[in-house]
Each structure stands twice: as C-alpha cells, then as structure tokens.
Amino acid sequence: MNAVPDVFSPARLGPVTLRNRIIKAATFEARTPNGLVSDDLIAFHRAMGAGGVGMTTVAYCAVSPGGRTDGSALWMRPEALSGLRRLTEAVHAEGAAISAQIGHAGPVANARSNKATALAPVRFFNPLSMRFARAATADDIAEVTAAHARAVRHAIDAGFDAVEIHLGHNYLASAFLSPLINRRTDEFGGTLQNRAQVARGIIAAVRREVDRDGTPAIAVTAKLNMADGVRGGISIEESLQTARWLQDDGGLDALELTAGSSLVNPMYLFRGDSPIKEFSAAFKPPLSWGMRMTGTKFLRAYPYRDAFLMADAEQFRRELTLPLILLGGITNKDAMDNAMSAGFDFVAMGRALLAEPDLINRIQADGQVRSLCDHCNKCMPTIYTRTHCVVTGGPA
C-alpha cells in the first residue's frame, strides 16, 4: 500500500515539479484592461506565489477574440507576450509555478462586449449579452482547435509552466459535451463519442504543440465537468466515459474535476450563499430587474460543506489512473489531508485564497488555521469589475 503523501511535499506534474500539491484554481480576475496583462494582475498572482501555493492559475486566457467571456478578457496573441513574460517571471521569483487557463467561452461569451460573434453547438441565446451565439461549423471547430495550439505556443514562449484547457462550465467544449445544449445531428452531435470530439480534438492539438520539439515543453491539464447540475445536462456517467477517453488519448498530465454551468446553474460549483442582490447591482436594466425577479432560479441555493465535490470526484478516482486535482471546499489542512488519503494528487483552492492569499503559508506553519472565507459568494459578482473578496478586500 502506498504511503499517503504530505500535501506540502513536492510533486511532479508532467515535466514540472511543484514545490507542493496546492494549486490556486482559476478565478477570473478582471484585471486585464484592453485584454493585456496589467501590473494589478501581476500583483494578484505574485501574492498567490508569495502566499505559498505550488502553482497559480491565470484566468481566463481566451484563444481568440470571440472566445472571450467579455471584451476586457485577456486573449492570447503576440501583443500580450511581453506582459505575460513579466507575469511569469514575477510568480517564479516567489518560488511558485504558473499555469494559463486557456479556452473558448462558446455560448458563455459576451458577443456584445467582445464585438465578435459567439459560437455554440447550435444557435443559442445568451441573456447576459442579449445576443445569439451562432452554430459552429466544421471549419469553426477546426479554427478553434488550431487557436488552442497557437495559444499554447504563446504560453510556452511566455514562460508558463503549464496550461489548463477549459472543458467545463458549458464553455464551448463543455457545451458540445452537453446533451442538453448540443442538439446537433451531424458528426459532432448525438452520441457521446460524437459530442466528445471537440474536447478530444483540442487536447490532441495542444499535446502535439507541447511535444513539438520532442520533449514536453510544459504540463497540460484540463478542467472537466463531472456534472452540470442541470436536468438533461452532462451526467457523471457520461463525464466518466469522457475522462476515460481523455486518459487513454494520453494528452493530459492531470485532470481537474469541476461542476456546474455558467449558463444556468453556477452555484452548483460554488455552494454557500446566493448573492442575488450583489449580482443584480452588477448589471444594468433590464438584466438587473430580471436578476432580482428570477435570481433564485439562476443562483440556486446549495449548502456549503468542506470538500463538497469529494463524493463525486471519488468515483473518478476509482476509475482512473490519471493524476487528479480535487476542487471545491478545500479551505483547511483537514480537507487537504483527506484529499491526499482519498488518492488525489493535488488540491485546488479558489475563494479561500481570494480572502487570504497567504493562507497556505499560515496553514503550513499551523495546521489548525482556518480560512476566513465564510462562503458568502459576494466575490462572484466582482468578476465584472475587479475580482476580490468583499470581506477582507484581498487580494489587494
């Protein structure tokens, strides 16, 4: 029987060695005016590195203008490289590794603020942008796949240690996986094998680019929905099969397990309080009115508990040999230790590190330390302005 690793021990992630097994999860920062790295973004991730994480994840790095979540989001292009290099150098100076979360937002993209057409498996209305996403053609899919490979090359050139491919939350690849959203009748619709082609094709293209020079340049991970939390959406059974294919394809160094839909059920991932009032204030009429009237349907209430995705994730752990990253309610040493005991290779933390970027150093010094995050989720609406914890003000 293998010994349970210490969460603070070094660990291999593909070709990279992390100083510990704790990853700052992707939490859209809203600190990229003009879609470029800012000093504010660098300070955000430097704080995470100085605070003790093994690796911090930059979110969100779109692969194309139309793949952004909104018009201010960073997208990977030559003009962004100098800022991205400053960012990776700052994090490396703190002893941490850095990953770029790359992807295409698909039907989640705000076509109005992007001033670019959004794509989806089928024609799809996005109530936040008040625009329709266009059904992606085979040529669109090929271009999005190629754009992922180009984005990875930019990440390599900028000095990133890893990329995380976004296959979750009903972004484009996830929307294709969803039987609820993907009602196509061609080779990209119908059976799960057909619906999984976009995700598998993207990972294959990324792996070819990463291995282009004969040895892996960086680590490759992916974020995959275990379930959408929506009737008729992605189920655990289908997601398990997708994960098996991704494992057998050999393109990933690790898989981060997530849940929920940015389109219809975001609280399935976040758990805790539903900040309806704060979300309403983040929008202008008529969206603000709609949020106040129907917010309980969009922001459904799910009680918070530590490691709340553990039970679902353990099903993946039993079925897969691929390294897995446990996300969701990891806020203290007990939860970290339980994850290690259950066979997970890494843990990922989001809201707790927004509240206290130095939390990892403090937990390492004293295992009894508890996070100040009370799961009020009022940080969620700040993604439209500048992501931060409204309780502590962090990261400064």
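Predicted model: local features only at pLDDT ≥ 70, side-chain atom pairs only at ≥ 80, totals over all residues.
The chain contains 15 helices and 13 strands. Its radius of gyration is 19 Å, close to the 21 Å that the globule rule gives for 396 residues, so the chain is as compact as a globular protein of that length. The C-alpha trace spans about 55 × 50 × 40 Å along its principal axes. Of the 396 residues, 61% count as buried. Among contacts with a separation of 6 or more, 70% join residues 24 or more positions apart. The accessible surface comes to about 15200 Å². Carbon and sulfur atoms contribute 52% of that surface.

Two cis peptide bonds were examined. One runs from Ala-59 to Tyr-60, with omega near 10°. Tyr-60 belongs to strand S4 (residues 55-62). The other runs from Gly-394 to Pro-395, with omega near -15°. Pro-395 lies in the segment after helix H15 (359-365).

Positive phi values occur at Asn-170 and His-375, neither of them a glycine. Phi of Asn-170 is near 65°. This residue sits in the loop between strand S9 (162-167) and helix H5 (172-177). Asn-170 has 3% relative accessibility, under the 20% cut-off, and therefore counts as buried. Phi of His-375 is near 60°. His-375 is placed in the segment after H15. With a relative accessible area of 12%, His-375 is also buried.

The second largest pocket has a volume of about 190 Å³. Its lining comprises 11 residues. Asn-2, Ala-3, Pro-5, Met-340 and Gly-343 lie nearest the pocket centre. The lining divides into six nonpolar, three polar and two charged residues.

Methods:
Residues numbered from 1 in each chain as written. Heavy atoms only, no water. 1 Å grid on protein atoms, 1.4 Å probe; cavity = no way out; pocket = protein on both sides within 12 Å on 5 of 7 lines; lining within 4 Å. Points joined across faces, edges and corners; volume = space filled by probe spheres on them. Nonpolar A, V, L, I, M, F, W, Y, C, P; charged D, E, K, R; others polar. Helix = DSSP H or I, 4+ residues; strand = E, 2+ residues; numbered from the N terminus. Rg over C-alpha atoms; globule rule 2.2 N^0.38 Å. Buried < 20%, exposed > 50% of the residue type's maximum accessible area, 1.4 Å probe, protein only. Contact = heavy atoms within 4.5 Å. Areas by Shrake-Rupley, 256 points an atom, 1.4 Å probe, with all protein chains shown as cover.
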